[in-house]
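Q: Hi, could you walk me through this one? I'd like to go piece by piece.

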Amino acid sequence: MKISRVELREIRLPLVQFFETSFGRTTIRRVVLVRVEADGLTGWGEVACGEQPFFSHESPETAWHILRDFLVPWTLGREWTRASEVAPCFLRIRGHNMAKAALENALWDVEAQRERVSLARLIGGSHREIPCGVSIGIQNSIEELLEKIEREVAAGYQRIKVKVKPGWDVEVLERIRTAYPRLPLMADANSAYTLADLAHLKRFDRFCLMMIEQPLGWEDIVDHARLQREISTPVCLDESIHSADDARKAIEIGACKIINIKLGRVGGFTSARQVHDVCRAKNVPVWCGGMLETGIGRAHNVALSSLPGFALPGDISASKRYWTEDIIDPEVTVTTQGTIPVPQTPGLGYSPNLERIEKATVRRESFA
Ligand code: OSB
Ligand code: MG
C-alpha cells in the first residue's frame, strides 16, 4: 500500500436529538474525516472525539493538528504492507488516540478492499450479526426518558443504557425499574462521582444493573478497584482504558468486570484487537462503545463488534437515531430483533456518500 494522497475534512452534522451526558449537551457534531488514497483504492476513517475536550483531551482542532503535522507526513508516500504496521510508528506520539485511529482505520478499509474481504473478516471477526443496545442521554424530565425507553424497547434493542450524574440517578433508575422490572439496563456516569459518593453508589445495587460504566475518575483504576470491592453491580471501564496494557492492569487489580472498547479511545483496530485479546484471555466480556459517530465510524464499529469476545450488546444503533441523512449508503439499520447483520462484501460494506459529505464539509486540506 503506497499512500499517494490524504485528505482531511471537517463536516458539521446536526443531531436529530440533543445528546446530554454528565459533561454537557451536544446538538451539532463537528467530525473530522480522513480519506486515504492508496494503490488506486480509497479508504475512510473518522475522528471520534467530541467537540470539546470533555470526554478526553482531544478535540477536532487537536486531531487536525496531530494528523496534519505528524501522522500524515509520517505515512504519506511510504510503502506499507499492512494497515497494522502504522500502529507501532504512531506510538511515538503520546496520546491523541482518536487522531491515530482515524488514519489507521482508513488504511484497514484500503487493506480490506485490496484483499477483497470484508473489514470484519480482515480483523478476524466471526459474528455474522451483532447485538445492539442504545445509549439514552439525560433528558429534560423522567417522563421524556421513559417515553424514549419505551420507543427503543419497542424497536427491539437488546439493552438500554441511561446516562446518570448526581441528581439524575437513583430516582431515575427507580422509575425505570418500576416500569420495566426485567429490562436489561445499565448506567453510564462518565466520571461524575468520586469515592466520597460510595454510600450513594451502593444504592445502585438494588436495581440489578448489568453494569455501571465509568463511575469514577477518567484515568483512575485504583479507586474503581476499591469501589468494585464494595458494590455488587459490575463496574465497566470506558474512559480509563487506552491500551491493552491499561486493560491488563485494570483487570489485575479488580477495577472492573467488563470493558467497553472504543476504536478511537484505544487508537485504532490494532490496539482494539489487543485489548480484546487481553480481555478474552482473562474471561472479561467486552462490548463496543459509541461516540455519536457518523456512518463511517459506525461501519468500523460494526466490523469491530464481530470479534469473538464481543459478548454483550454495544452502543451501536441505527443511523436514523442520530441523523436525518447519514453519510453512507446504505444507512445502518437494526433488525426488529435488535441486531445489525455484519456486511460480508469486500471493504467497509457501506459506501460513503460523497455528495452528502461535500454538502456538510466546512473545511478541507489535502496532502499529496
Ligand atoms: O461514554 O459512552 C460514552 C457519547 C459521547 C461520548 C461518550 C459516550 C457516549 C455515548 C453514546 O454513550 C454512544 C452512542 O450512541 O454513540
Ligand atoms: Mg461511556
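This is a predicted model: local features need pLDDT of at least 70, side-chain atom pairs count only at pLDDT 80 or more; totals for chains, interfaces and linings use all residues.

Q: Which residues have the most contacts inside the largest nonpolar core?
A: Ile176 and Ile259 do, in a core of 122 residues. A nonpolar core here is a set of buried Ala, Val, Leu, Ile, Met, Phe, Trp, Tyr and Cys residues joined through side-chain atoms within 4.5 Å. Buried means under 20% relative accessible area, exposed over 50%, and partly exposed in between, using a 1.4 Å probe and protein chains only. Residues are numbered from 1 along each chain as its sequence is written, chains are lettered from A and ligands numbered from 1 in the order in which they are written, and side-chain values use heavy atoms, with hydrogens and water left out.

Q: Which helix gives the largest share of this core?
A: Helix H3, residues 97-115, with nine residues. Helices (H or I, at least four residues) and strands (E, at least two) are DSSP runs numbered from the N terminus.

Q: What is isoleucine 259 in contact with?
A: Leaving aside neighbours within four places in sequence, its partners include Cys236, Leu237, Ile241, Val275 and Trp287. Contact means heavy atoms within 4.5 Å.

Q: Switching to the metal: what coordinates the magnesium ion (ligand 2)?
A: Asp188 (OD), Glu213 (OE) and Asp238 (OD) do, at 2.1 to 2.3 Å. Donors are N, O and S atoms within 2.8 Å of the metal (3.2 Å for Na, K and Ca), and water is not among the atoms, so sites may look incomplete. Along the chain, the donors follow the spacing D-x24-E-x24-D.

Q: Where do aspartate 188 and aspartate 238 lie?
A: Aspartate 188 is in strand S7 (residues 185-188), and aspartate 238 is in the loop between strand S9 (235-237) and helix H9 (244-252), so the pair ties together parts that are 50 residues apart in sequence.

Q: Are those two aspartates buried or exposed?
A: Both aspartate 188 and aspartate 238 are buried.

Q: Back to helices: which residues in H1 meet H3?
A: Ala63, Ile66, Leu67, Leu71, Val72 and Thr75 in H1 meet Ala99, Lys100 and Leu103 in H3.

Q: And what about alanine 63, buried or exposed?
A: Alanine 63 is buried, with a relative accessible area of 0%. Not counting residues up to four places away in sequence, alanine 63 touches Val47 and Ala99. The C-alpha atoms of alanine 63 and alanine 99 are separated by 4.8 Å, though the two are 36 residues apart along the chain.
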